[in-house]
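Let's walk through this model together, from its helices to its core. Have the sequence and the 3D view ready as you read.

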Amino acid sequence: QTEIGVALTSFGTFFMFLGVLLFFDAGLLALGNILFISGLTLIIGPTKTFYFFARKNKLRGSICFLGGVLLVFLKWPFVGMIVETFGFLNLFGDFFPVVLTFLRQLPVIGNILSMPYIKGVSICSLFRDTDSFAY
């Protein structure tokens, strides 16, 4: 069941990428959203998926992500993808350091990501809490 979930999530990501590439085709984006959400549900289970989206600290991301999906279904693909991307970054932003650490362990990509100039500008630095800055 997990393998099917990974396949559905991969196809969902592919269809969303293809929908953006083809000038925000609403049909491809909607299909990608359905496949991505159903694949995520199959990977971690329906109960854990519900609790993941219903967490108090993830509520803003959940509302934006699901609102973006709804906007795509209502034929507002450009605005929907912007709102959905914002929600996606709020929901899954905690996983980016884990993914970056994994990618640095791969043979070719790891060497590129470990270069001095690239290592200093990591994706993780974009998602740090900026409340401590004095303006």
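Axes here are lines fitted to C-alpha atoms, for helices over the stretch in contact, and angles run from 0 to 180 degrees between N-to-C directions. Keep that in mind for the helix pairs below. This is a predicted model, in which local features need pLDDT of at least 70 and side-chain atom pairs count only at pLDDT 80 or more, while totals for chains, interfaces and linings use all residues. Residues are numbered from 1 along each chain as its sequence is written, and side-chain values use heavy atoms, leaving out hydrogens and water.

Start with the overall layout. The chain has eight helices and zero strands, where helices (H or I, at least four residues) and strands (E, at least two) are DSSP runs numbered from the N terminus. Of its 135 residues, 29% are buried, that is, under 20% relative accessible area with a 1.4 Å probe, counting protein chains only. Contact means heavy atoms within 4.5 Å; among contacts between residues at least 6 apart in sequence, 52% join residues at least 24 apart.

Now look inside. What is the size of the largest nonpolar core, and which residues have the most contacts inside it? This core has 13 residues, and Phe53, Phe65, Leu91 and Phe92 have the most contacts within it. Such a core is a set of buried Ala, Val, Leu, Ile, Met, Phe, Trp, Tyr and Cys residues joined through side-chain atoms within 4.5 Å. Two or more residues come from each of α2 (26–44), α3 (46–54), α4 (59–73) and α5 (77–92), and α2 gives the most, with four. Beyond its neighbours within four places in sequence, Leu91 touches Phe52, Phe53, Lys58, Gly61, Ser62 and Phe65.

With α4, α2 packs at an angle of about 140 degrees, the axes lying 9 Å apart. Residues of α2 in this contact include Ala26, Leu29 and Ile37, and those of α4 include Phe65, Leu66 and Phe73.

Finally, consider confidence. The average pLDDT, the predictor's confidence in each residue from 0 to 100, is 87 for the chain, and 88% of the residues score at least 70. Among the elements, α4 has the highest mean (96) and α8 (residues 116–120) the lowest (74). Over residues 130–135 the pLDDT is below 50, and this stretch has one contact in the model beyond near neighbours in sequence.

Conventions:
Buried means under 20% relative accessible area, exposed over 50%, partly exposed in between (1.4 Å probe, protein chains only).
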